Amino acid sequence: MLRFIATRLVQLVVICFLISVFAFLLVHLLPGDPTLAILGPNDTPAARAVLLHQLGLNKGLLSQYGTWIINILHGNLGASFLTKQTVSNALGVAVPIDLELVIVSQVLALLVAIPMALVAALRPNRIFDRVATTSTFAMLSLPTFVAGPLLVLVFAVTLKWVPATGFNRLSQGFGPNLKSVILPSVALAIGSITVYYRLLRADLIATLQEDFVTMARSKGLSTRYILMRHVMRPSSFSLLAGAGISIGTLFTGAFVVEVLFQLPGIGFQLVNAIYGRDYLVVQGMALVAAVAFVVVNFGVDFLLTVLDPRVRRA
Amino acid sequence: MADSADRYDRRAFLARGATTAAALGLAGVGLPTLLSSCSSTTNNKATPRLSAPGIGTGKPKRGGTITVGLNSEIDGFLPSTNHFDNSGLTYANSVYDTLTMIAADGSAKPYLATSVTPNPDLTVWTITLRPGVTFHDGSPLNADVVLANIQSLQASALTGQALKGVVSTMVKVSDMSVAITCSEPIVAFPHYLATQVGYVVGMAQLESQSSTKPIGTGPFSLVEWVPNDHMTVQRNPHYWRAGLPYLDGVTYRPIAEDQSRENSLKSGTIDLMVTRDPNAIRDLQHDSGYQVVRNPSVGQNDMDFVILNTSVDPTNDLVVRQALAHAIDVDQLVKLFGAGIAKPNLSLFAPGSPYRTADNGYPKYDLAKAKALVAQAAPNHGGSIKISLATITDPRLLNEIQAIASMWELAGITTTISEVEQVTFIDNLVTGHFQAYTDEMFAATDPDLNYVWMSPTTANPPIALNFSRNKDDALEAALQQGRTSSDPAVRIKAYQEVDKRLSADLPYLWASQATWSLMGSNSVENFNNLTLPDGSAALGFASGTFDPTPAWRKD
């Protein structure tokens, strides 16, 4: 187990290093003079001097990378050339939003998907299973950019229960905070529900046909006990792997929902920075987003290892 | 040609920053109006207003806060370096004051100044400042601060070009007055002081060159700015206008997506919103639950148009430009995308403007003529006319250029369309790397504020603010006449000539006036009842910019 974790940690470090190299090279991959590309029409000698100093562009590439990575390890991810806001500050705004979106949406998705899958798997091809499967198919075909406005139309514009846009921080109160994240979280959860339901249902059906389940039933154990004690764990590996990928993706890829609901999460800020050619922000945000994705999936791998010894032996 | 909410960046490069800025209105075009308006007056009768959306009817209520949805975000608050689009000017109106302000009749009146007076030949303007005004940090408004502001604006790559010719030298006359010498007579000088270059920034901010911590004399002071999320301001308890503002604070939220902003208003998430979306106006203008303020009818509005680069092939050929103009069915275009709100306008000037001529000679839609011109020009361009038409990334604008492209295709012009991200769009405009772009600009309180965008003197590489690079000596002569003449009749004739020259040169293919609107829920009162210090009416909302000073909450 320890060896497995050590191996994965080494892999994690290598991957993070490669990510940092790619993120660093972003500025250098720009066509032509990177300072001109960044500054555009604001390319004055003074601005150029500041940028050269900030990026250390007059030094060698290795030296630049060394300075950059040391700054990052000290929490200095650079600053926007447009707004002067530091990337750390921008992340301070974005990360809580994405964390909350991910947590609330995934809790919602699991709360809906798991019971549905359990009931459907117990009686496959019966009415509930068919309705649930058809419904999730429909949900799968409902893209976020359609679901989001529909939710806003009903719950914000018509019923006025929740705000249509914006994020209220937890410091503004739990109620306002929850109200501001519930609609975007539901919009994000819709896609996840479908995936989780289908993964879990398929695994549950397969597990329920295993000999040990028949044995448990023949012992007179209750269905509930069998499900919880013997079936859920071996049936949850695909769900867990799917959730890992989904969470990692959502952390940075909720751009559509963030735009619809005007939530300045990482995806929203990253795309804004790309449009604004704010490459230092892009560089910092991309680095953090990629590392976050890798770390989340490392965590999921670790969890899978704990739950399924076969993974360790593989 | 409707605009999108997120055109801020395209407009950003001084789009109205240094020159066009704060509002509309050109009714007071003549020198007498300008001069009278800029003397210190305290006995003017308040201009009577008809009851209208955004005009309070009861006794003002103090306290409370409002949230305002804006169509864009800005890059900072320093007038000399940051790009003030309509949202930037709205932010600025909250924390800064300008030296002059535009009155409801379109004339420029003293504001932070008590008077702005010229010498006889209009080459030296003396600005006398209002006494007893302090900045948010407690420092006083005086001549030193104003001089430092103008020097900073002159030195800036952003605003310096716009001030060339307008400001030559400056001198401190007394502790509370400065004299600005222009390199030529500038009739509209007071109007410039109501734009981005007229905001007065505190000395501490000038020294630090901070673009994130504004120090002004304005009705509100900054509490917090989180880019792309919100800007919150609180009431300035020491504001020099006694009793104002009424609100304790304002939160601005940039909501780039039109529909999201409209939904936010409808759901009560925000109290006011600024929009250019004609669909939003159509949706809410007859709904008694909302107050819809449209652009004022005075002055020169933003125009939606296609800008042609006259320095690259084939749009450097006048015959090609004529073909392109004749091929666009503007009525159809506006019908398709104007939601019944936008109106076709084939002139730089709006209907009713004194500068508008009965016939400016702009080419009318004539497909047969377009085809004939294409046939005439094609041999000079390799046998066919190929145009690249682009817009910023926006679904609605993409639809519009698809429609234009199909019209051009009908005339035999091979058209490729594309979307360009906003910053690249601006870069391409100023560096000349484009053939045909959709664009919108030219809102101005005086037509001279558009000089910098049209003059051949600003059409030279590497960075040209005359994006079309149109070089017409007759146009320059007319612009100069309008700029320097104090005779209203001469100015009218000059700008009519400008309009005719633009119709002849065709650097811009006109479509319609922009459809700006300020919409509010009924919980907010008086948000469009801006007044001048003497109580007379100021222009208020115009071209996407407003000032929250007079607003109060009803509930």
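## Briefing: a predicted two-chain model

In this predicted model, 29 residues of chain B are in contact with 28 residues of chain A, where contact means that two C-beta atoms, placed from the backbone, lie within 7 Å. Local features need pLDDT of at least 70 and side-chain atom pairs count only at pLDDT 80 or more, whereas totals for chains, interfaces and linings use all residues. Residues are numbered from 1 along each chain as its sequence is written, and chains are lettered from A, with ligands numbered from 1, in the order in which they are written.

**The side of chain B that touches chain A**

- Helix H8 (258–266) and helix H14 (422–431) of chain B are the elements that give two or more residues to this side; helices (H or I, at least four residues) and strands (E, at least two) are DSSP runs, numbered from the N terminus.
- By class, this side of chain B has nine nonpolar, twelve polar and eight charged residues, with Ala, Val, Leu, Ile, Met, Phe, Trp, Tyr, Cys and Pro counted as nonpolar, Asp, Glu, Lys and Arg as charged, and the others, Gly among them, as polar.

**Each chain as a whole**

- Chain A has 15 helices and zero strands, and its C-alpha trace spans about 80 × 55 × 35 Å along the principal axes.
- Of the 314 residues in chain A, 35% are buried, a residue being buried if 20 or more other C-beta atoms lie within 10 Å of its own, exposed if 12 or fewer, and partly exposed in between, with C-beta atoms placed from the backbone.
- Among contacts in chain A with a separation of 6 or more, 70% are between residues 24 or more positions apart.
- Chain B has 17 helices and 20 strands, its C-alpha atoms fill a box of roughly 70 × 55 × 40 Å along the principal axes, and buried residues make up 60% of its 555 residues.
- In chain B, 75% of the contacts between residues at least 6 apart in sequence join residues at least 24 apart.

**Helix packing in chain A**

- Helix H1 (residues 2–28) of chain A packs against H14(A) at an angle of about 165°, with the axes 9 Å apart; axes are lines fitted to C-alpha atoms, for helices over the stretch in contact, and angles run from 0 to 180 degrees between N-to-C directions.
- H1(A) is therefore roughly antiparallel to H14(A), given that angles over 145 degrees count as roughly antiparallel, under 35 as roughly parallel, 65 to 115 as roughly perpendicular and the rest as oblique.
- The residues of the contact of H1(A) with H14(A) divide into 18 nonpolar, three polar and two charged.
- Val291(A), which lies in helix H14 (residues 279–307) of chain A, is partly exposed, with 16 other C-beta atoms within 10 Å.
- Leaving aside neighbours within four places in sequence, Val291(A) is in contact with Cys16(A) and Ile19(A), and the C-alpha atoms of Val291(A) and Phe17(A) are 9.5 Å apart although the two residues are 274 apart in sequence.

**Helix packing in chain B**

- The axes of helix H16 (residues 473–484) and helix H17 (residues 488–505) of chain B come within 8 Å and cross at roughly 155°, and the two helices are therefore roughly antiparallel to each other.
- By class, the contact of H16(B) with H17(B) has eight nonpolar, two polar and four charged residues.

**Backbone features**

- Most residues other than glycine have a negative phi, and most peptide bonds are trans.
- A cis peptide bond joins Leu244(B) and Pro245(B), with omega about -5°, and Pro245(B) lies in the loop between E9 and strand E10 (249–254) of chain B.
- Another cis peptide bond joins Asp313(B) and Pro314(B), with omega about 0°, and Pro314(B) is in the loop between strand E13 (303–308) and helix H10 (318–327) of chain B.
- Asn228(B) has a positive phi of about 70° although it is not a glycine, and counts as buried with 21 C-beta neighbours inside 10 Å.
- Lys84(A) has a positive phi near 70° and counts as partly exposed with 17 C-beta neighbours inside 10 Å.
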